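My notes follow in the order in which I looked them up.

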Amino acid sequence: MAAAEPLVVAATAAEAAHVPDGLRLVLTGIGKVQATLVTALAVAELRPSVLLNVGTAGALDGSTGLHLPSRVVNHDISAVELAALGYPVVDEITIPGGDGSVLASGDTFVSDPAVRDRLAERARLVDMEGFAVAAVAAHVGVPVRLVKHVSDQADASAMDWPQLVDASARVLGEWLRENA
C-alpha cells in the first residue's frame, strides 16, 4: 500500500486556483454542511496523512496576510443554551502548531460591521468551512492545518470577494508549494 499523502481541502475552485499540480484536492462547496459531508467522504476514500484546508477569510481585527489558526470556533451554534438543556456540543477545536490566531467559522457571510465586531470578541478571522474540516479531522484522528489568507475586512469590502480571491489563491498556492 502506498504511503498516505496530504489532501488539500478548499471550498471553491477560485480559492484552489493555484494549488500545485500533483497535490490531491477536493472542493467541498460553501458552508459547514457541504464541507463536513465532502471532507468526510474524501477522508474515508483517500485516507490522507493530513488535511490542508486552504481558503480565504475575513479579518475581524484589521489583520492582513496569511494565518495558520491555532483554534477554530463554530460561531453560529447555540452552545451555551444547548449545554444548559443537557446537550453539550463541541464549539471549539484546538489546532496544534498554529500561529496563535483564532478562526470563527459559520454559515453566515460576514459583511456587517456589527456582526464583525461581535465575532472579534472571540476570534481574529472568519470563514465558512474551517470548523467543519477540523471537526472531521478530529473525529477520524487525521491531523489538520488550516491555512487562511485574508481577502477582506468582514465589512462591505467582503462583497468584493470575487475580485479579490485570486490574489489570496496565489498566496495559498505558494504556501502549499513550500509546505505540502
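**Loop residue**

I began with Pro-20, which counts as buried because its relative accessibility is 15%, below the cut-off of 20%. I was working on a predicted model throughout. I placed Pro-20 in the loop that runs between strand S1 (7-10) and strand S2 (24-27). I then looked up its contacts, setting aside neighbours within four places in sequence, and found Gly-173, Leu-176 and Arg-177. I also noted Arg-170, which is 150 residues from Pro-20 along the chain, with 10 Å between the two C-alpha atoms.

**Helix pair**

I turned next to helix H1 (residues 32-46) and helix H4 (residues 130-140), whose axes come within 8 Å and cross at roughly 35°. I recorded the crossing of H1 and H4 as right-handed. On the H1 side, I listed Lys-32, Ala-35, Thr-36, Thr-39, Ala-40 and Val-43 as making the contact, and on the H4 side Ala-132, Val-133, Val-136 and Val-140.

**Largest pocket**

I finished with the largest pocket, which holds about 310 Å³ of space. I noted 24 lining residues, with Thr-56, Phe-109, Asp-127, Met-128 and Trp-161 nearest the centre of the pocket. I found that strand S3 (51-59), strand S8 (125-127) and strand S9 (144-152) each supply at least two residues of the lining. S3 gives the most, with six residues. I classed the lining as twelve nonpolar, seven polar and five charged residues.

Definitions and conventions
Residues numbered from 1 in each chain as written. Predicted model: local features only at pLDDT ≥ 70, side-chain atom pairs only at ≥ 80, totals over all residues. Heavy atoms only, no water. Axes fitted to C-alpha atoms, helices over the stretch in contact; angles between N-to-C directions. Helix = DSSP H or I, 4+ residues; strand = E, 2+ residues; numbered from the N terminus. Left-handed = near helix turned anticlockwise from the far one by under 90°. Contact = heavy atoms within 4.5 Å. Buried < 20%, exposed > 50% of the residue type's maximum accessible area, 1.4 Å probe, protein only. 1 Å grid on protein atoms, 1.4 Å probe; cavity = no way out; pocket = protein on both sides within 12 Å on 5 of 7 lines; lining within 4 Å. Points joined across faces, edges and corners; volume = space filled by probe spheres on them. Nonpolar A, V, L, I, M, F, W, Y, C, P; charged D, E, K, R; others polar.
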